[in-house]
Amino acid sequence: MQLVPLVETTRGYPSTGYFAENVHLGSVAVVDTTGKLLWSAGDPDFMTFTRSALKPFQALPFLLADGPARFALTPAELALLCASHSGEPKHTATVASILGKIGLDHSHLECGCHAPLYYDSVNLPVPGGQQWTSLHHNCSGKHSGFLAWCRLHDQPTAQYVDPGHPLQQAIRATLAETVQLDAAAMPSGLDGCSAPNYALPLSRLAHLYARLAQGRSDRRMGAPMGDLFDAMTGHPDLVSGTARCDVAYMQAGGGDWVSKVGADAVQTIGIRSAGLGIAIKIADGATRSLQVATFSVLDQLGLLDTRRRALLDPYRQPELTNVRGATVGQIRAVFTLRRA
């Protein structure tokens with residue numbers, strides 16, 4: 001199967017109508033808790049680098065070893081292990097708390113440093129004269145969990161992002177077992193935060209989120225899945241940040257939806273009550289089109305009641321404006337889900 005047009009951007013005048021200017025291809029997979037494909041668009045088995053959608057499952061080895069109890073991590077701190085956070089004070093303080101509990105500090109993080117995502121999310125310029133640290137990196141929570149695994153198992157904390165480090169070997173093996181794939185069948189690459197990342201068929205990624213949404217009911221991983229689901233849905237603002245999509249989806253879901261976005265236009269959502277896992281990939285990585293596609297999937301699946309539709313309406317068909325604020329076009333979904 002081939003990728004299909006999911007979203008197009010248009011240009012024109014409100015008085016005369018809008019015409020397609022750019023088309024973004026991609027794929028969608030919707031599966032049940034057994035992994036059975038229910039709905040799709042494009043190629044549901046499109047090999048997709050999981051990017052930050054992998055974060056909850058990169059934390060699994062730590063949870064399986066009872067790490068949170070060993071270091072007395074709170075659910076809020078557990079949420080940060082799964083986060084692509086915005087570098088707001090509540091995020092950096094929580095990461096610092098995790099590091100303090102394991103006897104380390106931000107100098108041990110190997111994720112690098114960038115300005116907080118907060119400013120881009122709320123359309124503010126990044127202030128000058130600030131000193132950012134690795135705590136502000138959106139992946140610092142995940143990396144604090146990596147370090148916690150190292151401390152738990154008395155493994156070196158230096159070079160923990162190296163693919164040959166015991167931590168990364170444990171993550172790869174646990175992921176392969178969880179998705180029931182040969183580890184050799186998972187292409188690997190370097191993520192933006194310097195940790196190894198893996199590509200999976202889109203339907204397998206959707207299945208991970210269907211299972212995550214079931215929490216402790218998951219037959220293979222049980223309690224760790226439950227702890228991750230409860231932490232993420234209980235603290236969506238820590239998993240994400242102000243004005244960002246994962247907060248919007250988990251708040252709209254009211255504790256029933258677990259959501260995680262990934263770089264280069266990957267979106268995953270698990271729906272507990274419906275027993276569904278959703279994974280979406282925009283092939284060219286155009287993030288401006290991703291949430292329009294996601295809204296359309298949720299809408300076509302009948303998951304948007306009046307309240308949810310109102311909360312997520314900014315993603316339905318946003319307008320494109322120029323620097324003077326004039327409307328020049330729209331971003332709109334152009335696909336129909338196909339029943340498997």
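Angles of 65 to 115 degrees between axes count as roughly perpendicular. In the predicted model examined here, helix H9 (residues 202–214) and helix H10 (residues 223–234) pack at an angle of about 85 degrees, with their axes 7 Å apart, and the two helices are therefore roughly perpendicular to each other. The residues that meet in this packing are Arg 211, Leu 212 and Ala 213 on the side of H9, and Met 225, Leu 228, Phe 229 and Met 232 on the side of H10. By class, the contact of H9 with H10 comprises six nonpolar residues, no polar ones and one charged residue.

Arg 211, which takes part in the contact with H10, also belongs to the lining of the second largest pocket, together with Thr 33, Thr 34, Gln 180, His 207, Gln 214, Ser 217, Asp 218, Arg 219 and Arg 220. The volume of this second largest pocket is about 280 Å³, and its lining divides into six polar and four charged residues, with no nonpolar residue present.

The largest pocket has a volume of about 920 Å³ and is lined by 31 residues, among which Asp 120, Ser 121, Arg 244, Cys 245 and Thr 287 lie nearest its centre. In terms of secondary structure, at least two residues of this lining are supplied by each of helix H6 (118–121), strand S7 (257–262) and helix H13 (287–300), and H13 gives the most, with five residues. The lining of the largest pocket is made up of 14 nonpolar, eleven polar and six charged residues.

Two individual positions were examined further. Thr 294 is placed in helix H13, the helix that gives the most to the lining of the largest pocket. Because its relative accessibility is 1%, Thr 294 counts as buried, the cut-off for this class being under 20%. When neighbours within four places in sequence are left aside, Thr 294 is in contact with Tyr 249, Gln 267, Ile 269 and Ile 280.

Ser 52, by comparison, is found in the loop between strand S4 (47–49) and helix H1 (55–58). With a relative accessibility of 10%, Ser 52 likewise counts as buried. Residues up to four places away in sequence not being counted, Ser 52 touches Ser 84, Lys 260, Val 261, Gly 262 and Ala 263.

Definitions and conventions. Residues are numbered from 1 along each chain as its sequence is written. This is a predicted model: local features need pLDDT of at least 70, side-chain atom pairs count only at pLDDT 80 or more; totals for chains, interfaces and linings use all residues. Side-chain values use heavy atoms; hydrogens and water are left out. On a 1 Å grid over the protein atoms alone, a cavity is a set of points where a 1.4 Å probe fits but cannot get out, and a pocket is an open set with protein on both sides within 12 Å along at least five of seven lines; lining residues have an atom within 4 Å of a point. Grid points are joined across faces, edges and corners, and a volume is the space filled by probe spheres set on the points. Helices (H or I, at least four residues) and strands (E, at least two) are DSSP runs, numbered from the N terminus. Ala, Val, Leu, Ile, Met, Phe, Trp, Tyr, Cys and Pro count as nonpolar, Asp, Glu, Lys and Arg as charged, and the others, Gly among them, as polar. Buried means under 20% relative accessible area, exposed over 50%, partly exposed in between (1.4 Å probe, protein chains only). Contact means heavy atoms within 4.5 Å. Axes are lines fitted to C-alpha atoms, for helices over the stretch in contact, and angles run from 0 to 180 degrees between N-to-C directions. Angles under 35 degrees count as roughly parallel, over 145 as roughly antiparallel, 65 to 115 as roughly perpendicular and the rest as oblique.
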